[in-house]
Amino acid sequence: MHDWITAPGGRQEAEDRIAFDSPAPARQALDGTVVAPLVHLGVLDVIGPDAEQFLQGQTSAQVGLADGDFAPLTVFCTPKGRMLANAQLLRVAEEHFRLLMHRGLVPSLAEHLNKFAAFYKADLRVRDDLALIGLIGREAPALAEVRLDLAPPTVWHQRGDADIQLLGHPGPRPRLLICLATKRASALWARLAEQATPVGNAVWCLQDIQAGLAWLTPAHRDALLPQMINWEALGGISFKKGCYTGQEVVARAHFRGQVKRRLVRAQLEGGELPPLGSPVETADGKALGEVLAAELDAYDQAEILAVLSTKEDLGPLSVAGQRFKQLKLPYPIERLDPESLAART
């Protein structure tokens, strides 16, 4: 763990979990402005004259839309359409693309893509020298503008240059993600913490859950179709581009309506966080889904994202002995083309 996290009081509770002593962190994000180290996320860069052409054949995004303003969601699949990683794609420079995803999937995706990169003038670089910082709260846009001298971007858009990127993310409160060199993180953190309360990255993960946004982890690598995490409803799949690995299966599932499981948001009646992969069970113990993400909310209740059967009458459900109450997603389950998102500024 880096000094920019430990020096201001951050402590490591797990490999991808940092906490601070700030009381009621999830509530602080609702009532004020907080800053969090996003250590659960990682970065993979794709650099070279053929970087765009290479990515175009591997990922669900229309890569040309990543123009330094729009930073679309994307996904990488096996030939059978199963997800290897989902990510946000941004253009850092003319021949330089950056992928943000769960840190546990960066090495495996790099290994997978390297098998194809050998045929292109494109290099893959795992970026362990970058820091990711999250800002959440009503004053987050104003704080970022003052401290970074950048106009806050809208959701799934970016601002900045090759040295620092500022990204807009969805959530119940304004959310901004900052990416910069680790050596510059201490100074920026100190300036942000003057007006924002330091909290652990669980708060950011909770807001992902509340936004209906699931980031694939190693627990579900090569197990789910993109539509099972509502990726086309979030603008993460372009159905207007040409072929990419897994495209035929992904398109068939969309046009034939063959998705039998979908991402849902739910609250559990209890404060116990279920492990990833925990089954969602009927009253007689039959598993109809499984947990992809889980965090405690501002009221110490467990909120989760789960992939669940699309059958209409499932009856009472539970997870780890806790009653399962399905909550409304903040978006409709319908196709959202990234081409239309790119036009929103």
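## Exercises on a pocket and a helix

The lining of the largest pocket has 14 nonpolar, four polar and four charged residues. Here nonpolar is Ala, Val, Leu, Ile, Met, Phe, Trp, Tyr, Cys or Pro, charged is Asp, Glu, Lys or Arg, and polar is any other, Gly among them. The model is predicted, so local features need pLDDT of at least 70 and side-chain atom pairs pLDDT 80 or more, while totals for chains, interfaces and linings use all residues. Residues are numbered from 1 along each chain as its sequence is written, and side-chain values use heavy atoms, without hydrogens or water.

**Exercise 1.** Find which residues of the lining are closest to the centre of the largest pocket.

*Solution.*
1. A pocket is an open set of points on a 1 Å grid over the protein atoms alone, where a 1.4 Å probe fits, with protein on both sides within 12 Å along at least five of seven lines; lining residues have an atom within 4 Å of a point.
2. Of the 22 lining residues, His-2, Val-39, Leu-41, Arg-103 and Leu-130 are closest to the centre.

**Exercise 2.** Work out where the buried residues of helix H5 lie around its axis.

*Solution.*
1. Helices are DSSP runs (H or I, at least four residues), numbered from the N terminus; H5 covers residues 140–148.
2. Ala-140, Leu-143, Ala-144 and Leu-148 are buried in H5, that is, under 20% relative accessible area (1.4 Å probe, protein chains only).
3. Down the axis, these buried residues fall within an arc of 100 degrees, so they line one face of H5; the arc is taken from axis to C-beta directions.
4. Just after H5, Asp-149 has a positive phi of about 60 degrees.

Definitions and conventions
Buried < 20%, exposed > 50% of the residue type's maximum accessible area, 1.4 Å probe, protein only. Helix = DSSP H or I, 4+ residues; strand = E, 2+ residues; numbered from the N terminus.
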